[in-house]
Amino acid sequence: LSELLKAQLSHLDGMRGFFTVYLTGEGLQTVADKERMPGILLDAVKMSNFESLASMACMNLIIATAMTSAHQDETLAANSAIVAKRAKRLLSLFKGSAHIERNCIAILVLLTVPENATHAVTGEKELVDFWACVVDQMGYTTKQRSDIANSFLDIL
């Protein structure tokens, strides 16, 4: 099982599939709902291309958080809130990781610092620009941007 998980997390398509299953499992007692990640899974994550995984994990939190307020249907909004909670928990498990922190800080700076100062604050022009492109392409509202910023504040 360990080798299969490592193989899946070794490329972007595998990471996407992993996140789809891990974050959207039905019920409230999935592996993603536990306080700790099982050791075998934690080892596979650590062996992955963690820079890509960190970026994808942040993307999942952004999208799920934004969808929580975008859905008009209460069930869909509740499901998005569960996915956002799981995505936040996953990111929190790796608190202190340079890749997680760099991405979280870039996202927070993008969403909370005046546009003309974002690059000066982080020194991470490319990363802030990457997340600006993502957020701008999605066309998030002011409320969604605020909700996203609050989610990332909780992680740091």
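Tutor: Gladly. Keep in mind that this is a predicted model.

Student: Where does Arg86 lie, and is Arg86 buried or exposed?

Tutor: Arg86 belongs to helix α5, which spans residues 74-93. Buried means under 20% relative accessible area. Arg86 has a value of 1%, so it is buried.

Student: Which residues does Arg86 touch, leaving out those up to four places away in sequence?

Tutor: They are Tyr22, Leu23, Thr24, Gly25, Gly27, Leu28, Thr30, Ala32 and Asp33.

Student: What about Ser80, buried or exposed?

Tutor: Ser80 is also found in helix α5. With a relative accessible area of 10%, Ser80 is buried. Leaving out residues up to four places away in sequence, Ser80 touches Ala64, Met67, Thr68 and His71.

Student: And how should I read Met47, buried or exposed?

Tutor: The cut-off for exposed is over 50%. Met47, in helix α3 (residues 39-47), has 59% relative accessibility and therefore counts as exposed. The C-alpha atoms of Met47 and Ser10 are 8.1 Å apart, while the two residues are separated by 37 residues along the chain.

Student: Now helix packing. At what angle do α6 and α8 cross?

Tutor: Helix α6 (residues 98-112) and helix α8 (residues 125-138) cross at roughly 60°, and their axes come within 9 Å. That angle makes α6 oblique to α8. The crossing is right-handed. On the α6 side the contact uses Arg102, Asn103, Ala106, Ile107, Leu110 and Leu111, and on the α8 side Leu127, Val128, Trp131, Ala132 and Val135. By class, these are nine nonpolar, one polar and one charged residues.

Student: How do α4 and α9 pack?

Tutor: Helix α4 (residues 50-70) and helix α9 (residues 142-155) pack at about 135°, with axes 9 Å apart. They are therefore oblique to each other, and the crossing is right-handed. Among the residues that meet are Cys58, Leu61 and Ile62 in α4 and Ile148, Phe152 and Ile155 in α9. The whole contact divides into eight nonpolar, four polar and two charged residues.

Technical notes:
Residues numbered from 1 in each chain as written. Predicted model: local features only at pLDDT ≥ 70, side-chain atom pairs only at ≥ 80, totals over all residues. Heavy atoms only, no water. Axes fitted to C-alpha atoms, helices over the stretch in contact; angles between N-to-C directions. Helix = DSSP H or I, 4+ residues; strand = E, 2+ residues; numbered from the N terminus. Parallel < 35°, antiparallel > 145°, perpendicular 65-115°, else oblique. Left-handed = near helix turned anticlockwise from the far one by under 90°. Contact = heavy atoms within 4.5 Å. Nonpolar A, V, L, I, M, F, W, Y, C, P; charged D, E, K, R; others polar. Buried < 20%, exposed > 50% of the residue type's maximum accessible area, 1.4 Å probe, protein only.
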